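Please open the structure in a viewer and keep the selection tool at hand.

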Amino acid sequence: MGITVGVDIGGTRTRVALFREGTLIAREAFPTEGLPEVVAAIRKLLAARGAERPDTIGVGAPAPLDMRRGVILNCPNLPHWSGVRVVEELERAFSCPVYLANDATCAAIGELEYGHRARDFVYITWSTGIGGGIVAGGRVLWGKSGQAGEVGHMVLLPNGPHCRCGKRGCLEALASGTGIARAARERLHRELTAAQVVELARNGDPGALSIVLQACQALGQGIAILWEIFEPEIIVLGGGLTNSWDYLGPYVLEAAARMARSEPRVELTPLGDDVGLYGAEALPRHYPSGLLPT
Ligand SMILES: [Zn+2]
């Protein structure tokens, strides 16, 4: 096995890493721009190791995307990536197979290969948005077009707050960083980040506390539903909001335990911010043959 590449395109930062036999050997992170910057970063990392081309490249990107065409579709978080033919352009640049998938699904694959390595689990990204990936019997659940696992868009509160998907009361609208910041704007009349709202709540601000409790309640409800449907060994969480898990976790777990028939086992990913990068590296080994680019 030679060198493989993982790319994790995020709303604000892009990470690129080289792996040799599953070990991360070099990495680069930079503010998200366009595909040329990704190509340049891969070239730089390869050149530093005297390598010309990798065996494979896996790319995780925020949904929506067309896996069969290897194209990022209309993406609200990455407007200038809409229509970019990621697979075709990277294959041309590096003459190796390239695979593209949803970033949260990639994170689940990272957990499967490099994290807790459970055979049955649900991975949830709790961050600016809420995404997910489902692994059953050691296999990723892809769905008919690769969009399975969008746990953020289950409706928990009909007629609740608007979600960026166009519906109302989705888990993402209730519990994501964006949802928390918007609740602060509407109810506290202040422009705050989700992290700032959490800190205010931690320091006893009653308005911030009620927003945080609602978010944790919604996430706990989502976890309880997934726990009942999939009967996983564990539910794994990652994403920026889990940095405050010491404070938020007990609220989430209390809600989840109250709404599930048995107490859900919830763990944070041991891979931290790198979970999507590891998953992108492992993506080629889990890619569904029915969705290979044509
Ligand atoms: Zn939604």
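Begin by selecting helix α6 (residues 194-202) and helix α7 (residues 206-230), whose axes come within 7 Å and cross at roughly 115 degrees. Axes here are lines fitted to C-alpha atoms, for helices over the stretch in contact, and angles run from 0 to 180 degrees between N-to-C directions. Helices (H or I, at least four residues) and strands (E, at least two) are DSSP runs, numbered from the N terminus. The model is predicted: local features need pLDDT of at least 70, side-chain atom pairs count only at pLDDT 80 or more, and totals for chains, interfaces and linings use all residues. Residues are numbered from 1 along each chain as its sequence is written, and side-chain values use heavy atoms, with hydrogens and water left out.

The crossing of α6 and α7 is left-handed; that is, the near helix is turned anticlockwise from the far one by less than a right angle, whereas clockwise would be right-handed. Now display the side chains: V197, V198, L200 and A201 of α6 meet A208, L209, I211 and V212 of α7, where contact means heavy atoms within 4.5 Å. The residues of this contact comprise 8 nonpolar, no polar and no charged. In this classification Ala, Val, Leu, Ile, Met, Phe, Trp, Tyr, Cys and Pro count as nonpolar, Asp, Glu, Lys and Arg as charged, and the others, Gly among them, as polar.

Next, select helix α1 (residues 35-48) and helix α2 (residues 86-94). Their axes come within 11 Å and cross at roughly 35 degrees, and the crossing is right-handed. From α1, the contact involves L35, V39, I42, R43 and L46; from α2, V86, E89, L90, A93 and F94. By class, the contact of α1 with α2 has 8 nonpolar, no polar and 2 charged residues.

Move on to the zinc ion. Which atoms coordinate the zinc ion? They are ND1 of H153 and the SG atoms of C163, C165 and C170, at 2.0 to 2.4 Å. Donors are N, O and S atoms within 2.8 Å of the metal (3.2 Å for Na, K and Ca); water is not among the atoms, so sites may look incomplete. The angles among the 4 donor atoms are 105 to 122 degrees, and the site is tetrahedral (four donors with all angles between 85 and 135 degrees). Along the chain the donors follow the spacing H-x9-C-x1-C-x4-C. H153 and C163 both lie in the loop between β10 (139-140) and α4 (171-175), so the pair ties together parts that are 10 residues apart in sequence.

Stay with H153. At 18% relative accessibility, H153 counts as buried (under 20% relative accessible area; exposed is over 50% and partly exposed in between, with a 1.4 Å probe and protein chains only). Leaving aside neighbours within four places in sequence, H153 is in contact with C163, R164, C165, K167, C170 and E172.

Then select G238 in strand β11 (residues 234-238). G238 is buried, with a relative accessible area of 2%. Beyond four places in sequence, G238 touches Y123, I124, T125, W126 and T269.

Finish with two backbone angles. Most residues other than glycine have a negative phi. E21, in the loop between β2 and β3 (23-31), has a positive phi of about 50 degrees and is exposed at 57%. H189, in the loop between α5 (177-188) and α6, has a positive phi near 55 degrees and is exposed at 67%.

Notes: Four donors count as tetrahedral if all angles lie between 85 and 135 degrees; four count as square planar and six as octahedral if opposite donors are over 155 degrees apart and all others between 65 and 115; anything else is irregular.
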